[in-house]
Amino acid sequence: MAKIYAMSDIHGCFHELDQTLKRITLTKEDRIVFVGDYVSVGGQSFQVLNRIRSLQKEHLNQVTVLLGNHDQNFLNWLFKTSDFVGSYVQTPDDMAFNTIKSFLTTEEIRDIKNDFQVNPIGLGDDLREKLLTDDRLTGMIKWIRSLLKNKLYLETEDQIFVHAGIDEEAEDFWALGTMDYVFTGKYPATPGPFYKDIISGHIHSDEVSGNSADFGKVYHDGESHYFIDGNTPESHVLPLLVFDTKTKTYVY
């Protein structure tokens with residue numbers, strides 16, 4: 001029997017990712033769907049991305065990597081793929097710097113902090129150049145650039161996996177009727193019935209449910225939505241949703 005494993009909003013929490021992956025035994029029929037937001041907040045965004053990249057290489061066609069809004073922001077800054085605000089990296093305390101510095105060695109971070117004291121305005125451009133030209137990062141940079149070409153959702157026979165949500169008012173035409181920013185940044189959540197189950201992250205489960213007991217857990221609205229953002233940086237738990245394609249049942 002094939003299983004689909006889903007998790008979301010890792011946010012640079014490598015230890016929590018590692019602990020959750022230990023719960024998975026991936027057969028050749030199974031697949032993993034990562035539903036976005038691998039970076040920011042926590043201090044090990046590079047390590048998280050590298051682990052997911054390794055999984056995708058090891059299990060060809062079994063690992064799907066969807067982008068979240070934090071991932072898009074980082075990639076837009078790195079590759080200048082949109083009109084995203086150029087001052088994304090303003091100070092070493094900025095959330096973006098948590099992502100960027102995870103790509104660098106301790107010595108490189110020290111040198112950058114020293115450079116920041118001299119030229120704070122040019123820090124963003126210097127960091128971008130460093131990441132794009134460092135031979136040590138070539139493979140990673142090529143892989144994360146390729147993620148920009150992926151669809152922002154995965155549709156199966158039974159589900160729609162997406163970081164934030166879809167335009168449900170478009171009904172059968174949701175794939176065409178949903179704007180990209182909705183796929184990765186929909187807010188607030190819209191629980192209720194739909195003709196397929198919608199598996200999403202982006203909004204903490206306990207915020208959607210309004211129940212603090214759902215902190216760090218998967219929340220099912222009793223209809224067609226499973227919210228799998230367990231606020232990992234705060235809960236220190238990365239929730240795992242498992243769907244059995246034979247019995248059509250979920251475990252979480």
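A: Happy to. A helix here is a DSSP run of H or I with at least four residues, a strand is a run of E with at least two, and both are numbered from the N terminus. This is a predicted model, in which local features need pLDDT of at least 70 and side-chain atom pairs count only at pLDDT 80 or more, while totals for chains, interfaces and linings use all residues. Residues are numbered from 1 along each chain as its sequence is written, and side-chain values use heavy atoms, with hydrogens and water left out.

Let's begin with helix H3, which covers residues 69–79. Ten of its eleven residues are buried, so the helix is mostly covered; buried means under 20% relative accessible area, exposed means over 50%, and partly exposed lies in between, using a 1.4 Å probe and protein chains only. The buried residues of H3 are Asn69, His70, Asp71, Gln72, Phe74, Leu75, Asn76, Trp77, Leu78 and Phe79. Just after H3 comes Lys80, with a positive phi of about 50 degrees.

Positive phi values turn up elsewhere too. Asn231 has a phi near 50 degrees, a positive value in a residue other than glycine, and sits in the loop between strand S8 (225–229) and helix H11 (232–235). Asn231 counts as buried because its relative accessibility is 13%. His236 is not a glycine either, yet its phi is positive at about 60 degrees. The loop that holds His236 runs between H11 and S9, and His236 is exposed because its relative accessible area is 53%.

Another backbone detail worth a look is the cis peptide bond between Tyr187 and Pro188, where omega is about 0 degrees. Pro188 belongs to the loop between H9 and strand S6 (197–204).

Helix H9 itself spans residues 180–185 and contains Phe183. With a relative accessible area of 3%, Phe183 is buried. Setting aside residues up to four places away in sequence, Phe183 touches Leu152, Tyr153, Val162, His163, Ala164, Gly165, Ile166, Trp174, Ala175 and Thr178, where contact means heavy atoms within 4.5 Å. Lys151 is 32 residues from Phe183 in sequence, and their C-alpha atoms are 9.8 Å apart in space.

Beyond its neighbours within four places in sequence, Ser205 is in contact with Asp214, Lys217, Val218, Tyr219, Phe227, Ile228, Asp229 and Gly230.

Next, a helix pair. Helix H2 (residues 45–58) packs against helix H7 (residues 138–146) at an angle of about 75 degrees, with the axes 11 Å apart. Axes are lines fitted to C-alpha atoms, for helices over the stretch in contact, and angles run from 0 to 180 degrees between N-to-C directions. H2 and H7 are therefore roughly perpendicular to each other, given that angles under 35 degrees count as roughly parallel, over 145 as roughly antiparallel, 65 to 115 as roughly perpendicular and the rest as oblique. On the H2 side, Phe46, Leu49, Asn50, Ile52, Arg53 and Gln56 meet Gly139, Met140, Trp143 and Ile144 of H7.

Now the sheet. Five strands form an open sheet in the order S3-S2-S1-S9-S10, with mixed pairing; two strands pair if DSSP finds at least two bridges between them. Strand S3 (63–65) and strand S10 (249–251) are the edge strands, each pairing on one side only. Neighbouring strands of this sheet are turned by 20 degrees against each other on average, direction ignored. Strand S9 (residues 241–244) pairs with S10 in the antiparallel sense over three bridges, and Asp244 stands opposite Thr249 in S10.

Finally, the whole chain. It contains eleven helices and ten strands, and 54% of its 252 residues are buried. The C-alpha trace spans about 60 × 35 × 35 Å along its principal axes. The radius of gyration is 18 Å, which agrees with the value near 18 Å for a compact globule of 252 residues; it is taken over C-alpha atoms, and the globule rule is 2.2 Å times the number of residues to the power 0.38. Among contacts between residues at least 6 apart in sequence, 68% join residues at least 24 apart. The chain exposes about 12500 Å², 49% of it supplied by carbon and sulfur atoms; accessible areas come from the Shrake-Rupley method with a 1.4 Å probe, and for residues only the protein chains shown count as cover.
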